[in-house]
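Here is a friendly walk through a fold, taken one region at a time. Keep the viewer open and follow along.

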Amino acid sequence: MELNGADIVVRCLAEQGVDHIFGYPGGAVLYIYDAIYKQDSFKHILVRHEQAAVHAADAYSRSSNKIGVALVTSGPGLTNAVTGIATAYMDSIPMVILSGQVPTAVIGEDAFQECDAIGITRPCVKHNFLVRDVKDLADTMRKAFYIAKTGRPGPVLVDIPKDVTVATCKYTAQREEVALRSYTPVVKGHQGQIKKAVQMLLAAERPMIYAGGGVVLADAAPELRQLVDLVGAPCTNTLMGLGAFPASDDKFVGMPGMHGTYEANMAMQNCDVLVAVGARFDDRVIGNPKHFAQNQRKIIHIDIDPSSISKRVKVDVPIVGSVKDVLQEFNAMYAQMAVAEERTDPARLADWWKQVQTWRGKECLKFKNSTSVIKPQFVVQKLWEVTGGEAIVTSDVGQHQMWAAQYYGFNEPRRWINSGGLGTMGVGLPYAMGAQMANPGRDVAVITGEGSIQMNIQELSTCKQYHLTPKVLCLNNRYLGMVRQWQQIDYGSRYSESYVDALPDFVKLVESYGHVGIRTDKPADVEPALREAFTKYKDRLVFLDFITDQTENVWPMVKAGRGLTEMLLGSEEL
């Protein structure tokens with residue numbers, strides 16, 4: 001059948017099983033919006049800013065393992081979306097972003113609302129396409145979805161000139177799987193490497209398992225849990241990997257890195273065999289690479305992306321492949337060889353656990369609560385109690401993000417949605433929108449600060465239009481908290497431009513959008529306010545403005561350039 005380009009876009013989205021797209025219209029995409037108006041295969045969510053469209057599509061993907069889709073117009077529509085695209089790229093989130101472009105005849109002539117979408121996004125996408133002929137549109141759309149979800153996932157941009165959306169051509173539904181000769185990601189791990197790694201782990205006296213966001217992206221949490229149980233080793237999850245291994249399990253030692261636990265960091269530094277699974281030895285995880293390399297240990301690294309292996313830390317046994325596939329083979333071989341060959345000396349493993357428990361005894365996350373001022377950690381703990389640890393929690397970026405990661409115990413993957421690699425302020429509310437669209441009926445909580453929330457606060461309007469009901473917990477300390485903390489520690493308490501002294505009345509502001517606002521400044525009122533939000537106002541968006549201790553810092557802390565064992569455990573060590 002003959003279809004125009006806009007109708008082909010809509011047919012391809014339906015063909016890929018898309019249920020929701022997030023977008024904002026403009027001149028270059030109006031034919032696509034006209035085609036959306038005439039279909040009922042998927043629902044379009046009108047955001048109030050293009051950045052929020054991409055963040056919402058990002059969280060839709062993170063919380064569901066579906067491919068998030070965003071639609072923006074040319075020029076400023078595309079440039080407004082770049083922050084969201086870069087955020088998804090850093091965290092390897094599978095997404096497809098459709099951008100409008102000026103007509104092909106005027107590309108390169110500085111036409112109204114023209115920008116070089118391909119050049120601008122090239123550093124922060126897995127791949128991008130400019131479609132110049134309507135005959136190529138359907139195949140390009142299919143390639144975009146295939147590339148986004150295979151191998152190491154990531155965002156793919158399809159830039160579509162306006163004349164391509166109105167031109168017509170014959171359309172044929174997809175009949176076979178997409179195959180690209182130049183793109184064939186490795187899925188199965190090398191058997192020899194897996195065997196070598198299993199033998200190394202069987203001989204370990206102080207084994208440690210370090211798991212990252214790749215486990216979550218690959219839906220490999222069951223396989224990770226089996227591996228940890230087989231080995232009997234302590235397990236640490238990165239910020240992006242929280243929930244991949246249950247926080248309630250005794251073998252979980254917390255998050256590693258800059259604001260990780262004492263026991264996780266000490267175990268990472270002092271183990272003799274470290275198994276890295278879907279993690280990339282980020283600077284916020286291992287601190288100074290030279291310090292990390294001081295201790296002799298063997299490193300096994302499992303990752304879908306060969307470029308991530310030995311990038312920052314030299315490894316002994318690299319295994320390239322899908323985390324899920326590799327762990328399935330690894331676990332089967334480990335169980336088999338553990339019977340045939342001598343395993344780690346149980347007494348040595350017991351000694352290792354005694355040492356880990358000694359480090360745990362530091363109780364590095366213990367804080368002094370107060371009856372007069374709200375401690376932010378206390379709010380997160382109460383949120384966990386009120387929701388039974390079952391909520392999907394999104395966060396913005398800053399101190400509140402770290403407290404959420406430290407004090408809300410995630411037992412399942414895809415319940416913790418935050419910007420890890422790019423550290424993007426303003427993601428929390430649009431993340432909640434995408435997560436709730438993907439998971440209707442689930443409790444969704446946003447943990448934010450008074451600085452971050454104002455970056456995309458206009459999305460309160462989107463929530464009103466589509467009856468989205470997240471509970472927004474603003475840990476309001478009247479500072480850009482993480483900036484203030486660093487200024488206190490590294491800049492002689494010179495608080496340059498980190499104090500926020502012109503805040504709105506958040507209760508009145510959210511009420512003007514038609515939502516519920518609750519302001520709380522007493523510790524005794526924290527739990528009642530949360531219970532009211534999640535019960536009485538279950539079907540409403542509730543903004544809880546918690547006035548918290550301005551002086552509270554995130555501990556432990558590894559200062560930039562320091563090693564994992566050089567932790568500050570509290571303000572008394574400053």
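Strand 4 (residues 68-72) is mostly covered, with five of its five residues buried. Buried here means under 20% relative accessible area, while exposed means over 50% and partly exposed lies in between (1.4 Å probe, protein chains only). Strands (E, at least two residues) and helices (H or I, at least four) are DSSP runs, numbered from the N terminus. G68, A70 and V72 point one way from strand 4, V69 and L71 point the other way, and all are buried.

A word on where this comes from: this is a predicted model, in which local features need pLDDT of at least 70 and side-chain atom pairs count only at pLDDT 80 or more, while totals for chains, interfaces and linings use all residues. Residues are numbered from 1 along each chain as its sequence is written, and side-chain values use heavy atoms, with hydrogens and water left out.

Strands of a sheet pair through backbone hydrogen bonds, either parallel or antiparallel. For two strands to count as paired, DSSP must find at least two bridges between them.

Contact means heavy atoms within 4.5 Å.

How do the strands line up, residue by residue?

| Strands | Bridges | Example partners |
|---|---|---|
| Strand 2 (residues 20-23) and strand 4 | two | G23 and L71 |
| Strand 6 and strand 7 (residues 155-161) | four | L130 and D159 |
| Strand 14 (residues 392-395) and strand 15 | two | T394 and I417 |

Strand 4, helix 4 (residues 76-90) and strand 5 also make a right-handed β-α-β unit. Right-handed means that, with the strands pointing away from the viewer, the path from the first strand over the helix to the second runs clockwise.

Is L475 buried or exposed? L475 has its place in strand 17 and counts as buried because its relative accessibility is 5%. Its contacts, not counting residues up to four places away in sequence, include P376, H400, W403, I447 and F546. The C-alpha atoms of L475 and P289 are separated by 34 Å, and the two residues are 186 apart along the chain.

**Aromatic rings and charges**

How many aromatic pairs does a search of the whole structure find? The search finds 11. Rings of Phe, Tyr and Trp (its six-membered ring) pair if their centres lie within 6.5 Å; planes under 30 degrees apart count as stacked, over 60 as edge-to-face and the rest as tilted.

Y210 and F281 form an edge-to-face pair, at 5.1 Å centre to centre and 65° between the planes. The pair links distant parts of the chain, 71 residues apart: Y210 is in strand 9 (residues 207-211), and F281 is in the loop between strand 11 (273-277) and helix 12 (283-286). Y210 counts as buried because its relative accessibility is 0%, and F281 counts as buried at 1%. Another pair, Y408 and F410, is tilted, with 4.9 Å centre to centre and 40° between the planes. Both Y408 and F410 are buried.

Y210, F281 and F292 form one aromatic cluster. R297 lies over the face of F292, at 3.9 Å from the ring centre. Elsewhere, the charged end of K362 sits over the ring of Y262, 5.4 Å from its centre. A charge sits over a ring if NZ of Lys or CZ of Arg is within 6 Å of the ring centre and within 35 degrees of the ring normal.
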